[in-house]
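Here is a short report on one chain. Have the sequence and the coordinates open while reading.

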Amino acid sequence: MEYPAVFLFGLILGSFLNVCIYRIPLNRSIVWPPSACPFCEEKIKWYDNIPVLSYLALGRKCRGCGHPISPRYAIVELLTAFTGMGLLSIFSLTPEFFVYWIFSAMLIIVVFVDIEYQEIPDVVSLPGVVVGLILMTVLRLDGSATYAGSFFDSLLGILAGGGSMFLLGVIGELIFRKEALGGGDVKLMAMIGAFLGWKLVIVTFFMAPFFGSVAGLIMKFKFKKDIIPYGPYLALAAIISLIFGERIIGFYFGF
């Protein structure tokens, strides 16, 4: 029963993440007022707000005005649910599972806000730094024998993640004579470092440009776009580092 329960809760959590993705960039409360259509502003009834099912039942259109509903809502709900199931298969019902699902939920918000607005919300990444540091320390997620060891691993992760991105931005600005990375990317990497520690955030740092460069070439030559949001590639690299990072480190360095 664990997987169905996680899947259902993931759909509900994903619905809440959709609220965050829509309202945070607009500086609106994520708890009040109740959900409404952004076009006709009619309040959404509870039976029209069931994750995924209502989206399909309504024919992907608002009941009130008939305006198409973005597929992003169903995508986020399903992505959150499947992410939870994937983490459950790796960590079982352990503290690590709940912590990394929270971490993944934060990354999902960041990814979809960055895709739409080309900015990473500080209201997610900055509290995420603090939350990651506390959870890493209290639960000793890095496997350290002491709380102090976990604290310093997370703290070094914050410094390594944020510092590496800041340095990359400075170098990029010197080379290209314009801003290469936004401050949001620096704060996001600090958050990733808080949850993953210094070793895995370095893996993330070196992995993300691969995804970003491939996507950048596609966006430039197919869609003629020169600016791409970097947050999604940092998030993808962070999840891969979380799952496979230790194996990657072992493969390259033999420890």
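## Salt bridges

Lys45 is partly exposed, with a relative accessible area of 35%. Its side chain meets that of Glu42 in a salt bridge, at 3.6 Å from N to O. Glu42 is partly exposed as well, at 34% relative accessibility. The model is predicted, and it holds 2 salt bridges.

Asp122 and Lys187 form a salt bridge too, with the closest N and O atoms 2.9 Å apart. This pair links distant parts of the chain: Asp122 sits in helix H5, Lys187 in helix H7, and 65 residues separate them. Asp122 has 32% relative accessibility, so it counts as partly exposed. Lys187 has 29% and is also partly exposed. Side chains of opposite charge can pair when their charged atoms come close.

## Overall fold

The chain has 8 helices and 0 strands. From the N terminus on, the order reads α-α-α-α-α-α-α-α.

How does the radius of gyration compare with that of a compact globule? For 255 residues, such a globule would have a value near 18 Å; the chain has 19 Å, which agrees. Along the principal axes, the C-alpha atoms fill a box of roughly 60 × 50 × 30 Å. Take the contacts with a separation of 6 or more: 65% of them join residues 24 or more positions apart.

## Core

Buried residues make up 42% of the 255 residues. The largest nonpolar core has 55 residues. Within this core, Tyr100, Phe103 and Ile192 touch the most other members. Two or more core residues come from each of these elements: helix H1 (2-23), helix H3 (72-91), helix H4 (95-117), helix H5 (122-139), H6, helix H7 (183-223) and helix H8 (231-253).

Which residues does Ile192 touch, not counting those up to four places away in sequence? They are Phe103, Leu107, Gly197, Val201, Thr204, Leu234 and Ala238.

Ser154 lies in helix H6. Is Ser154 buried or exposed? Its relative accessible area is 0%, under the 20% limit, so Ser154 is buried. Leaving out residues up to four places away in sequence, Ser154 touches Gly132, Leu133, Met136, Gly193 and Ala194.

Gly197 has its place in helix H7. Gly197 also counts as buried, at 0% relative accessibility. Beyond its neighbours within four places in sequence, Gly197 is in contact with Met136, Asp153, Gly157 and Ile192. Pro51 is another matter: Gly197 and Pro51 are 146 residues apart in sequence and 34 Å apart in space, C-alpha to C-alpha.

## Surface

The accessible surface of the chain comes to about 14300 Å². Carbon and sulfur atoms account for 70% of this area.

A nonpolar patch lies on the surface. Its members are Phe166, Leu167, Val170, Ile171, Leu174 and Ile175. Together they have about 610 Å² of accessible area. Ile175 is found in helix H6, which spans residues 147-176. With a relative accessible area of 57%, over the 50% limit, Ile175 is exposed.

## Backbone exceptions

Most residues other than glycine have a negative phi, and most peptide bonds are trans.

The peptide bond from Trp32 to Pro33 is cis, with omega near 0 degrees. Pro33 is found in the loop between H1 and helix H2 (53-57).

Arg60 has a positive phi, near 65 degrees. Arg60 is in the loop between H2 and H3. Phi of Arg140 is positive too, near 50 degrees. Where is Arg140? Its place is in the loop between H5 and H6. Arg140 has a relative accessible area of 31%, so it is partly exposed.

How values were computed: Residues are numbered from 1 along each chain as its sequence is written. This is a predicted model: local features need pLDDT of at least 70, side-chain atom pairs count only at pLDDT 80 or more; totals for chains, interfaces and linings use all residues. Side-chain values use heavy atoms; hydrogens and water are left out. Patches are made of residues with over 30% relative accessible area and no salt bridge: like charges are joined within 9 Å, nonpolar side chains (Val, Leu, Ile, Met, Phe, Trp, Tyr) within 5 Å. Accessible areas come from the Shrake-Rupley method with a 1.4 Å probe; for residues, only the protein chains shown count as cover. A salt bridge is a side-chain nitrogen of Lys or Arg within 4 Å of a carboxyl oxygen of Asp or Glu. Helices (H or I, at least four residues) and strands (E, at least two) are DSSP runs, numbered from the N terminus. Buried means under 20% relative accessible area, exposed over 50%, partly exposed in between (1.4 Å probe, protein chains only). The radius of gyration is taken over C-alpha atoms; the globule rule is 2.2 Å times the number of residues to the power 0.38. Contact means heavy atoms within 4.5 Å. A nonpolar core is a set of buried Ala, Val, Leu, Ile, Met, Phe, Trp, Tyr and Cys residues joined through side-chain atoms within 4.5 Å.
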